[in-house]
Amino acid sequence: DTRSPLPLLLALASEALATARIAVYCVGPGNGLLLLAGDATETLQARAEACLASQRQEGGRGGDAGEGISLLLGASEEPLGLWAADLSEGGRECWPELSQILTPFFLIALRQTLWRDEITAARAQVELDRLLDMITEKAAAVMEAQACSLLLKLPESDSLVIAASHGLPDDVVENARIFVGSSIAGRVVETGEPLLLNSLADDPRFQGSSVHSVPDVSSSICMPMKNEDGVVQGVLCIRRRAAAPFFTEEDLRLFSIFATQAGLAINNAQLYARLNHKLQELSTLAALTETITSTLDLDQVLNQVADNIVDVVHFDRCRIYLLDMETGRFSPRIVRGFRRTSPDDPDAEVRMGEGVIGIIAQRQAPLLVENVADTWPGEREYGQALEMEAFYAQPVVARGRCIGVIVVSNTGPLRPIA
């Protein structure tokens with residue numbers, strides 16, 4: 001249940017203290033106090049602000065800041081907010097014991113409320129890249145972690161890549177590729193269970209494994225993110241450095257709720273992206289059909305085909321080969337995203353049945369190469385010559401004859417050919 005427990009806590013405190021004047025504040029921008037819940041008078045607000053200012057000035061670290069006010073401290077002992085009450089005579093007597101009991105619960109409720117509002121806003125965010133960045137930023141802030149990474153499982157693959165991060169070096173993000181079952185995140189994907197790690201060297205679950213602790217990291221949580229069918233689609237990881245306190249079981253529980261909501265937000269964004277993509281494709285087909293039927297300019301048609309492949313279908317690169325009816329050879333007529341062609345290129349002119357393009361044209365069958373390094377020599381040489389890690393080739397057939405071949409590819413590990 002992701003609903004905030006603040007109303008219940010306020011009701012309990014109000015009954016115990018015999019007052020309706022109870023308020024919960026969070027520290028907002030500029031270090032001012034923002035009212036989150038409850039009923040505050042101007043006097044109570046002024047007392048709360050004075051208490052917070054005094055604590056900062058004096059460097060106080062105590063949770064109880066005086067009669068009727070209790071600070072809500074984060075892991076770094078900095079105030080995240082406070083809860084305060086106008087005390088009656090009877091309330092003053094029970095305040096010390098009650099504040100000691102309820103303050104930890106108010107802290108949990110405060111943290112949950114803060115990230116719940118952020119995730120609610122994020123679920124309306126349909127731009128996937130921005131959403132992923134927002135999730136890592138808010139996870140680090142709310143859980144008081146120094147670093148956060150969001151890893152997504154590649155489609156039809158046993159590997160994960162870092163799709164977004166906060167506080168990680170660029171070289172780690174760019175070069176990381178993790179396989180299911182290996183490493184901590186890979187094990188979380190394999191088992192579907194979260195991991196709380198405060199001492200990797202002493203953890204029996206990793207004794208004898210190849211997993212090693214990261215220097216300067218004292219504590220970490222890796223949480224699986226599942227879709228609506230319960231299938232793990234990624235992992236959300238947070239870390240604290242050596243000077244920060246360890247994560248607790250309560251942090252694990254809270255982060256589990258956060259990851260669940262983040263996973264739903266990602267599902268929403270991916271669904272929207274797929275639907276929008278389909279609409280764009282239908283619109284593109286209509287526009288392309290109109291262009292083909294309204295012009296005899298072949299280059300204009302081919303250029304629009306290439307533009308739509310790159311801009312609408314969202315491949316990074318496109319190469320369109322066309323058959324010269326006089327010579328019987330295929331050559332690249334339109335190029336997008338690749339380097340400029342030259343007469344010395346191995347695919348500058350190829351006959352039917354020769355090389356990758358000629359074979360595709362002869363067989364009139366599409367070709368998908370998911371990894372150039374692991375394919376047969378001819379495909380590997382062709383892919384490496386054009387600096388492709390993977391590619392897809394589609395023959396263009398008219399009246400039973402191949403008149404061209406379209407080759408598309410993406411760049412980088414986050415853009416596989418699927």
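Let me start with glutamate 144, which sits in the loop between α4 (128-142) and β5 (147-153), where helices (H or I, at least four residues) and strands (E, at least two) are DSSP runs, numbered from the N terminus. This is a predicted model, in which local features need pLDDT of at least 70 and side-chain atom pairs count only at pLDDT 80 or more, while totals for chains, interfaces and linings use all residues. Residues are numbered from 1 along each chain as its sequence is written, and side-chain values use heavy atoms, with hydrogens and water left out.

The phi angle of glutamate 144 is near 55 degrees, a positive value in a residue other than glycine. Is glutamate 144 buried or exposed? With a relative accessibility of 14%, glutamate 144 counts as buried; buried means under 20% relative accessible area, exposed over 50%, and partly exposed in between, with a 1.4 Å probe and protein chains only.

Glutamate 387, in the loop between α10 (377-385) and β15 (391-398), also has a phi near 55 degrees, again positive in a residue other than glycine, but glutamate 387 is exposed, with a relative accessible area of 61%.

Turning to threonine 103, we are in helix α3 (residues 89-123), and threonine 103 is buried at a relative accessible area of 13%. Which residues does threonine 103 touch, not counting those up to four places away in sequence? They are Ser70, Leu71, Leu72 and Trp83, where contact means heavy atoms within 4.5 Å.
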